[in-house]
Structure formats: structure tokens, C-alpha cells
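Please read the following report alongside the sequence and the three-dimensional model.

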Amino acid sequence: MKIFNTKAELEQHLSVLKHKGLRIGFVPTMGALHQGHLSLINLAKQQTDVVVCSIFVNPTQFNDPKDLELYPKPIASDIEKLESVDCDVLFNPVTSEMYSENEQWALDLDGLDLLLEGEQRPGHYQGVTQIVKKLFDCVQPQKAFFGQKDYQQFLVIEKMVKKLAMKVELVMCPIVREADGLAMSSRNIRLSAEERKNALAIYQTLCWMKDQFGHCDLHELKALGREKLGKSPGIVLEYLEICDGDSLIEATDQNPQKLVILVAAKLGKTRLIDNILLK
Ligand code: AMP
């Protein structure tokens, strides 16, 4: 695997491959890699010729400085994991390579960045779109792979790609879970044994709600889900919403083509998100 720390070196390397007609697949990450990330690399390997993974803990998407400080950065084991799945290129820049000092700009994302996660984490999606735009500009991939785990993030990036008419196809990849159902996340290692056990209620509630879907109206279903998860030991529920899967507007009936339940909850100091498609 080739490893680059500067945009110039990365672009130089990729331009040779692009001249040969090879299709570039791109998987942006913040590192502390797990099977969820590696599933994205595997899918990218199947669908493109050269796979670029980036590891960059993007400061502008952290609204909580403590969260940024605590974010794990195990680069040596990340490199081993990427090599184990035959990733072709790792781009691992420092912050000054990606941002100039006091850089500030924002995109109009039609308010999609202000709902749900955006409401709880002001500025988060402006930070996400800033870095993904910069990364897309230098990698210029044919396809970019993102996890359903960050459902709203996918829609926000899709909005940016449409608005800026960027030439990249986005692929949403399924959520990879631990054997007991907990969605894999780089933040899971911060959970104590008890918090880890309590966290299972998140996916159990989502599955229970999916089972109940169709047996009661959405308003009732949401209230029951909130009550169930809100009462689970060790869980502080931030939000649980049933939304139109395209607009993320609260769904009041079963008419939208796609329906998704989105949830965020805190276990001690660790904040987890998860979601499930109802249809
Ligand atoms: P992150 O490093 O958290 O920024 O995530 C990088 C990419 O991996 C994003 O597209 C995430 O949605 C995706 N991802 C994270 N966790 C999972 C998971 N459990 N299953 C599938 N994709 C995931």
C-alpha cells in the first residue's frame, strides 16, 4: 500500500493511474478502523480498480473539543488493517495540509445540516462537507463509499454533490454490527463493560420497532420506542425520530417511499448513533 501525507504526492500518483484508465474508489475515514470501515474498502475493491482510503480526524466537524481530544488515533494498527484488505493507497495528511489558518466557509445545504444530528451538534455537517469537498477535489474518485451507519451524513454529502454538480457516484454501504447487534463504531472502545452491555438496548429497540411497524400508527410507534429506550438502564436518549428517508422530515404516515428510524443516545460520556430502515 502506498502512503501519502501531502495532496501533491497523492494527486501525482493518482494522475498516472487515471491516465491508464483505472477507476478510483474512495473511502474517507477518521481512522481507528474496524470491520465497518473495512467492509467499505472491500466493496470499493469490488466496484473500482484502485482504492484510496483517507484517515484524517477532521477538527472542523467536532463541536466538542473534548471529543476531538479523546478521539483514538491508532495509526500503526490502522495501516496493518488496510494492508490486510489490500487497500491500494492511504492518504493521511496533517491538519495544515487540509486547512489554511482561520479558514471559514459554509455551504447552503437546504437545512438538511440543521436537523437531528445537526441540531445536537451545531456546525457538524458544515465541517463534514468542508473536508469531504476538499478530499473529493484532490482524489476525484469515480465512486465514493459511505456507511449507512451515518445515514444523515450520506444525505448531506449527496446534497453537496448535487448542488456543486460534482462528478462522483456515492454508494451507501450496510451497517456492520457486532455479533450481539451493537453497530460498530470507533467510539465503542470508550464504553465500560457495563455501558457496552447497556448499549445493546439501542439496536434491540430499533428491531422491536421494526417488528411493530404496521401494527400501530407512526406516532404511537415512536412514543413506544422512546419510552422503551428512555427507560433502559444507563441510556440517556437524545433523539429517536421516524423520518422520511430522503428528506429526513418527520414522517406522519407510511406514504414516503423510504422510512428510517434514527436514534442518538449517550452512555456515560460516550455518544452513539444508530438507525434502521422501516421501508
Ligand atoms: P468515520 O471514521 O466514523 O468517519 O467513518 C468512516 C466511514 O465508515 C463512514 O462512511 C461511516 O458511515 C462508515 N462506518 C462507520 N461505522 C460503520 C459501520 N458499523 N458499518 C458500516 N459503515 C460504517
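The sections below begin with the basis of the values and then turn to the elements.

## Basis

This is a predicted model, in which local features need pLDDT of at least 70 and side-chain atom pairs count only at pLDDT 80 or more, while totals for chains, interfaces and linings use all residues. Residues are numbered from 1 along each chain as its sequence is written, and side-chain values use heavy atoms, with hydrogens and water left out.

Strand S2 (residues 24-29) pairs with strand S5 (residues 143-147) over 2 bridges in the parallel sense, and Phe26 stands opposite Ala144 in S5.

## Ser54

Ser54 lies in strand S3 (residues 50-55) and counts as buried because its relative accessibility is 1%, where buried means under 20% relative accessible area (1.4 Å probe, protein chains only). Leaving aside neighbours within four places in sequence, Ser54 is in contact (heavy atoms within 4.5 Å) with residues including Phe26, Leu90 and Leu135.

## Helix H10

Helices are DSSP runs of H or I with at least four residues. The 13 residues of H10 (residues 200-212) should span 18 Å at 1.5 Å a residue, which agrees with end C-alpha atoms 19 Å apart; the expected span is 1.5 Å times one less than the number of residues.

Among the buried residues of H10 are Leu200, Leu206 and Met209. Just after H10, Gly214 takes a positive phi of about 100°.

Conventions
Buried < 20%, exposed > 50% of the residue type's maximum accessible area, 1.4 Å probe, protein only. Pairing = 2+ DSSP bridges.
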